[in-house]
Amino acid sequence: MATVDTAPAEPHAPPTQPQPRTTTPPVQRPPATAIPEQRQSGTLIGSVQRAMRLLETVAGHEYGAPAKQLARETGLALPTAYHLLRTLVHEGYLRREKGLFFLGEAAERLSSSGAKQKRRSTVADVLAHCRDSIGVPVYYAMYREGEIEVMCVSDTPGNPAVEEWADFRETGHAHAIGQCLLSQLDEDARRDHLDRYPVQSLTPYTVRDDHAMLRRLERIGRMEPVTERQEYALGTVCAAIPITVGTTAATMAISLPSHQAGRLLPAAQQLQAEIGRHLGSIAISISI
């Protein structure tokens, strides 16, 4: 008798359900001129970049530009452009008039400061040239708003500048820089300066009183080098060349150790010739 296999049959696997198809959306790239609006990790840098781009773009529109045009030209989303423009207006870097954006006072101050730095750099280059050509420390000073201001000094370790052991502003009567600047003023301005900063003896060679100082200033020729020998500091002699541009009094000066006093006048004459060759650059820089 045949045996019948009564084992249950294995269940059939359920039919495989078809999986939905996924499509990757195309990557949208920003316009070529746009600065990517980065997420949190780069927000600070990105914001600065975008703000700078807006400032540059506004600067290129002499008669102003609306937000939509600025957004388009910088490749920024309009809401981002609006947000940055409002911030720049609040901080004074832009101003808004009748829907147009212009550079503001803060941006103009930056531009002015940059121009001043460039002019200062020009003066520093001229002084360095004179220093190397003559082989002495060179100074540039101006008389502004009633004060003697040493604007720039160029020296080397081998030829160091005079140490300011007594305030240059208060001791103009004792050094060539101060005497040269005071000689370019009218009598009332000289007296006013000496009233505020009376003559005081710094060395045995310093002029003794205001009257003697005024007499000395009257004797100085208009374009003559002004010299002093150990009046400000023992062991040092100095010469200064007057530079007058309009109503502004300025000077370039040199110093030498007293044992080289014989070089002082020839070196001053050489400085005067160098000033003549660079007078254009110096005159432009008088306004620093």
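1. Ile177 and its surroundings. Leaving aside neighbours within four places in sequence, Ile177 is in contact with Tyr139, Ala141, Ile148, Val150, Ala240, Thr251 and Ala253; contact means heavy atoms within 4.5 Å. This is a predicted model, in which local features need pLDDT of at least 70 and side-chain atom pairs count only at pLDDT 80 or more, while totals for chains, interfaces and linings use all residues. Residues are numbered from 1 along each chain as its sequence is written, and side-chain values use heavy atoms, with hydrogens and water left out.

2. The cores. Ile177 is among the residues with the most contacts inside the largest nonpolar core, which has 30 residues; the others listed are Tyr143, Val162, Leu181, Met213 and Tyr232. A nonpolar core here is a set of buried Ala, Val, Leu, Ile, Met, Phe, Trp, Tyr and Cys residues joined through side-chain atoms within 4.5 Å. At least two residues of this core come from each of strand E3 (138-144), helix H5 (176-183), helix H7 (210-219), strand E6 (236-245) and strand E7 (248-257). H5 gives the largest share, 5 residues. A second, separate core has 25 residues, including Val126, Met151, Ala239 and Ile243.

3. Helix H5. Helices (H or I, at least four residues) and strands (E, at least two) are DSSP runs, numbered from the N terminus. H5 is largely enclosed by the rest of the structure, because 8 of its 8 residues are buried. Buried means under 20% relative accessible area, exposed over 50%, and partly exposed in between (1.4 Å probe, protein chains only).

4. Met142. Met142 lies in strand E3 and is buried, with a relative accessible area of 1%. The C-alpha atoms of Met142 and Leu181 are separated by 7.2 Å, although the two residues are 39 apart along the chain.

5. Helices H6 and H7. The axes of helix H6 (residues 187-196) and H7 come within 11 Å and cross at roughly 150 degrees. Axes are lines fitted to C-alpha atoms, for helices over the stretch in contact, and angles run from 0 to 180 degrees between N-to-C directions. H6 supplies Arg190, Arg191 and Leu194 to the contact, and H7 supplies Asp210, Met213, Leu214, Leu217 and Glu218. These residues divide into 4 nonpolar, no polar and 4 charged; Ala, Val, Leu, Ile, Met, Phe, Trp, Tyr, Cys and Pro count as nonpolar, Asp, Glu, Lys and Arg as charged, and the others, Gly among them, as polar.

6. Positive phi. Most residues other than glycine have a negative phi. Glu145 has a phi near 50 degrees; this residue is in the loop between E3 and strand E4 (147-154) and is exposed, with a relative accessible area of 83%. Gln230 has a phi near 60 degrees and lies in the loop between strand E5 (226-229) and E6.

7. Overall content and confidence. The protein has 9 helices and 7 strands, and 39% of its 288 residues count as buried. The average pLDDT, the predictor's confidence in each residue from 0 to 100, is 83, and 79% of the residues score at least 70. Where pLDDT is low, the predicted coordinates should not be read in detail.
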